[in-house]
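This briefing is for a reader new to the structure.

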Amino acid sequence: MTRHCGSKMKSYYDIEGTYDIAVEMLMPFETFGKDFMTFYMDGLQTAGYYIILAGKALTQVTLHANRFSAGEVISIEKEGDWVSRDLGLGRVTSTKGIQLVYVSRSACKSPLKVYGEPGDPSLCQIVPTSLLYHIYIWRSPLIMQTQNFVAMMVESKNLGQLILNGFPLQSRVNWLDIPGTNGWKFSQYKVNEDIVYNLFTSNANFGCYLYGYSTGTSYMYPAGYISSPINQ
C-alpha cells in the first residue's frame, strides 16, 4: 500500500479506537495464525506499531521477550476486537488464531524541516511462522528516489543456505537474534530498483518482507507465503 504526504488524519497519535484509519484499512483477506515473529523497518519513518486482531472470542496473546513489551499477556474477549502495541524484534503467540498487521507511517520531508508531518499509513500483513516458504521471487519497483529493502527472518542453522541472485547472503549483512525464538535471526538488505530478485534456501522455510520509502510514497508487503489451513 502507498502513502502520500499531506495527510490530515485525525487523532493519529491516539491509535486505540474505531476511528483509527489503519484499522479501517485492514487487509481484505484473512491470514490468521498463532505464532509470529515481529520486526522493525529502517528508514525515513515515524515509529511503527502492530495491530493484533482476534479471530475468535476469548483469545490470549503473549508478547515474548520483546524489548518494548516483554512477557506481556493480553486477553481479547470478543471476536473482531483488536489492540495495538509498539513492538520491535520479538515473537507473538496466541491461544487462538489472530491477524497481525504492521503499520508504518513515513515522515515527509519539507524544505524547512528534516522530518515533516507523517504521511498516510502503509500496512503489512505479518505471516504466521508455520506459513513461511523457502523461495521468494520479486521485482523491486521503479519509483523515483525510493530506497528498497528486503527484511529476512532465518534460523541460524540455515543461514549458510540463503542465496540471493546466485550469491550467498550470510556474510553480506549483519544478523540479529530474534528474542523469544529458538535460534532465529533477523536482517535487512538494501536492494536496487527495477531488478528481479530470487531469494531462496535449499529446503528451509524463512520469512521475507519487502519495503521501500521516499519522501513521497512508501510500500511494504510479505514476499509470499504458503496458503494452507492452520487454525482448525
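Helices (H or I, at least four residues) and strands (E, at least two) are DSSP runs, numbered from the N terminus. I137 is found in strand β8, which covers residues 135-139. This is a predicted model, in which local features need pLDDT of at least 70 and side-chain atom pairs count only at pLDDT 80 or more, while totals for chains, interfaces and linings use all residues. Residues are numbered from 1 along each chain as its sequence is written, and side-chain values use heavy atoms, with hydrogens and water left out.

**Salt bridges**

- The whole structure holds four salt bridges, each being a side-chain nitrogen of Lys or Arg within 4 Å of a carboxyl oxygen of Asp or Glu.
- One of them joins D35 to R91, with the closest N and O atoms 2.7 Å apart. D35 is in strand β1 (residues 33-38) and R91 in strand β6 (residues 90-104), so the pair ties together parts 56 residues apart in sequence.
- Exposure is given as relative accessible area: buried is under 20%, exposed is over 50%, and partly exposed is in between (1.4 Å probe, protein chains only). D35, at 24%, counts as partly exposed, and R91, at 25%, also counts as partly exposed.
- E72 pairs with R85, the closest N and O atoms being 2.9 Å apart. E72 sits in the loop between β3 (59-64) and β4 (73-76) and R85 in strand β5 (residues 82-85), so this bridge ties together parts that are 13 residues apart in sequence.
- E72 is partly exposed, at 25%.
- D177 forms a salt bridge with K185, with 2.3 Å between the closest N and O atoms. D177 is exposed at 52%, whereas K185 is buried at 18%.

**Nonpolar cores**

- A nonpolar core is a set of buried Ala, Val, Leu, Ile, Met, Phe, Trp, Tyr and Cys residues joined through side-chain atoms within 4.5 Å.
- The largest core has 53 residues, of which F39 and L199 touch the most other members. Strand β9 (residues 147-155) gives the most to this core, with six residues.
- Leaving aside residues up to four places away in sequence, F39 touches Y50, L87, G88, L89, Y102, I126, A151, M153, F186 and Y209; contact means heavy atoms within 4.5 Å.
- A second, separate core has eight residues, among them I51, L53, W82 and V101.

**Surface**

- I137 is exposed, with a relative accessible area of 56%.
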